Amino acid sequence: MKVSIIIPYHGEEKYIGDCLASLDEQEEKDFEAIVVCDDCTEEQIEALRARESKFSLTVLTTGGKRGVAAARNVGLEHAAGDYILFLDCDDYLEPNALSELLALAEGRELVFSKRIGTWYGRKFFYDKKQDNEADDQEEEIEDEDEAEEDEDDEQAIEPAEEETWYRTFAHMLRADNTIQGISVLGILFDRKFLEKQSIRFEENLIYASDVPFVIRAFCAAENPGELKQRIYIHRRHNDPINLPAISQISDSKTRIDEILGIYKEIEPLLAAKTEEPRAKLAFDRKFIRYYVTRVSKFYVEGGKKEREAVYPQALECLRMLSLDAIAHSRRYTKKLLKYSFTHRPEEIAKKVRRHSSFQTLGRLVKSRAACKKYMYRKVFSRMKMIDNMVVFESFFGRNYSDSPKYIYEYLGKNYPGKYKFVWILNRRSEEKMPFPCKRAKRFSLRYFYYMARAKYHVFNGRQPVYFIKRKGNVFLETWHGTPLKKLVFDMDEVTTASPLYKKQFYTQTRSWDYLVAPNQFSEDIFRHAFMYDGKMLETGYPRNDILYLKDKEKEQLTLEIKRELGIDPAKKVILYAPTWRDDEFYDHAQYKFTLKLDMEKMQKQIGDEYVLLLRTHYFIVDFLDLTPYQGFAYNVSKYNDIARLYLISDVLITDYSSVFFDYANLRRPMLFFTYDLDKYQSVLRGFYMDVEEELPGPMLFDTDEVLDAIESLPQIQKQYEDKYRIFCEKYCGWEDGSATKKVVEAVFDK
C-alpha cells in the first residue's frame, strides 16, 4: 500500500461526497482512505460504511467528541501505507494529486504542496476553472505595515533554482499569512519517518494542532521536497452560522493561548537548527506578525482578566525572539515590541488604539467612501433620532416601486403631515412624488445622514452590512416576492453573491423588526431560509393591492398606463418576464441574458393582435435591442413599477421568476417558457415547489410551442382551471387589496 489518506469527519454531510468522489477519480490507485468519525451519529457512520468506492475505505471512530487532532492520531494508528496524506472532509484533490506527490517522494521525508482555495464544490469549481483563485488564506493581514513585511520575507528566500531545505520551509511558512494557518494539508509524509520521530498531533490543541506537527517534521527532515503544482483544493465554508470551519469559530483567548504555548515549544527546535539560522528568523517574524495583528489587538478587545492572563505568556515569547527578527520589522512594529517589554496590557492597548486612529485618519483622507461611513458611525448615529422620519428604499435605490412605494403613498394620504419621508434613489427621476419627500442617492453623505437619524426604515431588500440598529429604530422588511428558487441558508452553493453572503444575511436579518409574508408557503420558507425568528406580518404584499382595484378603476388605470407607454389601446398585451440564470454572469449581481424567443417569428404571427413587453430582472445588465421589432416589442425593463405592467397584460410569459405568484392574483392566463428546465432544476438553485405538478399553465420549450399556446388560450385556461384555482388558494389566499392598510396599522399605529 503506497498511501494512507486520513480524513477526520465531524458529520459534514454537505461536503464529504465531493471529498470521496475526488478519491474515486485518482490516477494513482494504490491507496487506502481512513475516515475517522468524531462526534458523528450512527446514521452518518453507517452511511459511510455503506458507500460504494473504487478504493479501500475504512471507517473508524474516536469514541466521542475528541477533536480533529485525536481523529488524525486514530488514523495514524491504523494506517498501512508507506506514506500519509491528511485530507479534510470538506476538501478535495485534483485527479493527479497522489501520482504527482509520489513522483517526488522517493528518498524524502515529506513533500510539500500549496493549496488552492475555493468556496465551491467540485462541479462548479471545474466548470468555472477556479484554479486561478488565490491561495487559501483563512485570515487576512490586518495591519498594512505587516503586509509590507511579506515582501521582505520573499526577498529573504534564496532566489537560486536548486531546491534547499530552507527554501521549502520558507514556502511552507508563506502558504498562509498567520501562524495558525500552518497546515498539514497538501503535505505527503513518509509514515516510517513520522513513527521514528514520534511525531503525533497534540490532542489538547483545538485550533492549531497542525503547527507543532508540521514544524517538528520539517526540523527532523533532511531532504524535504516541494511540488510546484497545486493539487489540494481547500474548500471554505459559506455558512459560518450553521456549519463553521474551525477557522471561522470565534474564540480569541483559546487561539492566542495555543499559539503562545506552541511558540515556546517550537522556538528551541528552530534555535537548535544552527546550520540554518534563517529558519528561526523566518518563524520569529511570523510570530511577530501574529503578535501585532492578534495579541496586541486582544489587549484592546479582551476582558481585563483575560488580558492579564495572556500578558505574561506573551512577554515570555517576546523575550525569546531573535534580535535580527525585531530589527527586520517595520517602524511601528519595532516601537510596539519595545513598548510591550516594559508596559502592561492596558498601556499597550492605548498605543494600539492610537496607531489604529492614525491609520483610520489616513484612510479617511484617501477615501471619500471611508469618510462617509466614519461620519455615519461616529457622528450621525450619535445624533438624536427623528421619531417621525421614514426612509424608503426599493431594489437598492434603483427605482420608486414595489411595496415601499405603496406604503409611502398610503402614509402620505392617510396621515397627512405626520411623517417626514425620504426616498433612496440612485438616479434622478422625472417622476413626481405624490407627497412631499426628500431624495438621497445611495451611499451619498445625505444617505448616511438620513439612514442614521430616521426612526423608520422600509426596505424591500437587504440593508448594508454596516447598518447600525439604534435603540427605538423600527425596520420594516417587505421583501420582494414569493420564493420559487432556493434562498440563502437553503442554498448549497453561493456562486455569484459574496462568498460571505450567508453570514452577512444573518447579520442583516437581526435588525429586522417586521417581515412581510404574502402567504403561508412564503412565511414557512422565510423562517428557515432567512433564519428569521422575528415578527412576521401575514398580510400579503402591499404592491399587489393595485391588482384588486374595482373593475372601473382598473380599466381607467389600464388605459392610462398604455398611453404612458405608447401602446395601442386596442392591442392585447403579452408580458414576458424572465429571471436570471445563476451560472450566466459577469460579476456579483451582474447577470447575462440571451433572448431565446424568436421575435421575428412572433411579430409575423401575432403582431396584428398583440404587443409584447419584455421585462428582465433588475440583476440583468445586458441591453436587449428591440428596435427591429418596433411597434410590436417594447423593452420595459427599466419601468419602475411591475405591478402596473401586470395590470395591463392579458397574458404572462415567464420561467423561474417569482412574478407569476403575483400575477396569479389577476386570474389571467400564464405560460411558462422553461427551455432549460433540466439544467435549472438539477444544476442550479433548484425549486421549493414541484413546478411540473403545480404550475397553473403549460411548460413550453421553444418559440413554436409558445405561439401555439397563445393562439389556443381559451382551451389552455379550461385545461388548467382546476390547477389555477388550487394555486391561487395556496399562494394568493392572503391577498385581498388591503395589505398596505394592514402593514401600516401593524407598524406605524403604535
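This is a predicted model: local features need pLDDT of at least 70, side-chain atom pairs count only at pLDDT 80 or more; totals for chains, interfaces and linings use all residues.
**Buried loops, helix packing and charged pairs**

Me: Where is the place of phenylalanine 395?
Reply: Phenylalanine 395 has a phi near 50°, a positive value in a residue other than glycine. Most residues other than glycine have a negative phi. Phenylalanine 396, which is not a glycine either, also has a positive phi, of about 60°, and it lies in the loop between β9 and α17. The strand β9 covers 386-393 and the helix α17 covers 402-414, and the place of phenylalanine 395 is in the loop between β9 and α17.

Me: At what angle do helix α11 and helix α14 pack?
Reply: Two packed helices are described by the angle between their axes and the distance between the axes. Helix α11 spans residues 278-301 and helix α14 spans residues 331-342, with their axes 11 Å apart, and they pack at an angle of about 70°. That makes α11 roughly perpendicular to α14, because angles of 65 to 115 degrees count as roughly perpendicular.

Me: Which residues in α14 do Ile288, Tyr291, Val292 and Ser296 in α11 meet?
Reply: On the α11 side the contacts come from Ile288, Tyr291, Val292 and Ser296. On the α14 side, the residues that they meet are Tyr332, Thr333, Leu336, Leu337 and Ser340.

Me: How far apart are the closest N and O atoms of aspartate 284 and lysine 280?
Reply: Aspartate 284 and lysine 280 both lie in helix α11, where 4 residues, or about one turn of the helix, separate them. Aspartate 284 is buried, with a relative accessible area of 0%, and lysine 280 also counts as buried, at 12% relative accessibility. Side chains of opposite charge can pair when their charged atoms come close. Aspartate 284 and lysine 280 form a salt bridge, and the distance between their closest N and O atoms is 2.8 Å.

Me: Which residue forms a salt bridge with glutamate 226?
Reply: Glutamate 226 is buried, with a relative accessible area of 8%, whereas lysine 228 counts as exposed at 62% relative accessibility. The closest N and O atoms of this pair are 3.9 Å apart, and the cut-off for a salt bridge is 4 Å. The partner of glutamate 226 is therefore lysine 228.

Me: In which helix are glutamate 729 and arginine 725?
Reply: Glutamate 729 forms a salt bridge with arginine 725, their closest N and O atoms being 3.6 Å apart. Glutamate 729 counts as exposed at 53% relative accessibility, and arginine 725 counts as partly exposed at 44%. The two are 4 residues apart, which means about one helical turn, and the helix that holds them, at residues 721-731, is α29.

Me: How many salt bridges does a search of the whole structure find?
Reply: Besides pairs, there is a network of salt bridges that links Asp18, Arg235 and Glu493. Across the whole structure, the number of salt bridges that a search finds is 35.

Me: With which residues is lysine 273 in contact, leaving aside its neighbours within four places in sequence?
Reply: Lysine 273 is found in the loop between α10, which covers 252-271, and α11. Its relative accessible area of 10% makes lysine 273 buried. Once the neighbours within four places in sequence are set aside, the contacts of lysine 273 are Trp165, Cys219 and Ala221.

Me: Which residues make a nonpolar surface patch of about 360 Å²?
Reply: Valine 365 has its place in helix α15, at residues 345-366. With 67% relative accessibility, valine 365 counts as exposed. The nonpolar surface patch of about 360 Å² is made by Phe358, Leu361 and Val365.

Me: Of the 750 residues of the protein chain, what percentage counts as buried?
Reply: The protein chain has 30 helices and 23 strands, and its C-alpha trace spans about 95 × 60 × 50 Å along the principal axes. Among the contacts with a separation of 6 or more, 73% come from residues 24 or more positions apart. The accessible surface comes to about 33,100 Å², with 48% of it belonging to carbon and sulfur atoms. Of the 750 residues, the part that counts as buried is 57%.

Key: Residues are numbered from 1 along each chain as its sequence is written. Side-chain values use heavy atoms; hydrogens and water are left out. Patches are made of residues with over 30% relative accessible area and no salt bridge: like charges are joined within 9 Å, nonpolar side chains (Val, Leu, Ile, Met, Phe, Trp, Tyr) within 5 Å. Accessible areas come from the Shrake-Rupley method with a 1.4 Å probe; for residues, only the protein chains shown count as cover. A salt bridge is a side-chain nitrogen of Lys or Arg within 4 Å of a carboxyl oxygen of Asp or Glu. Buried means under 20% relative accessible area, exposed over 50%, partly exposed in between (1.4 Å probe, protein chains only). Axes are lines fitted to C-alpha atoms, for helices over the stretch in contact, and angles run from 0 to 180 degrees between N-to-C directions. Angles under 35 degrees count as roughly parallel, over 145 as roughly antiparallel, 65 to 115 as roughly perpendicular and the rest as oblique. Contact means heavy atoms within 4.5 Å.
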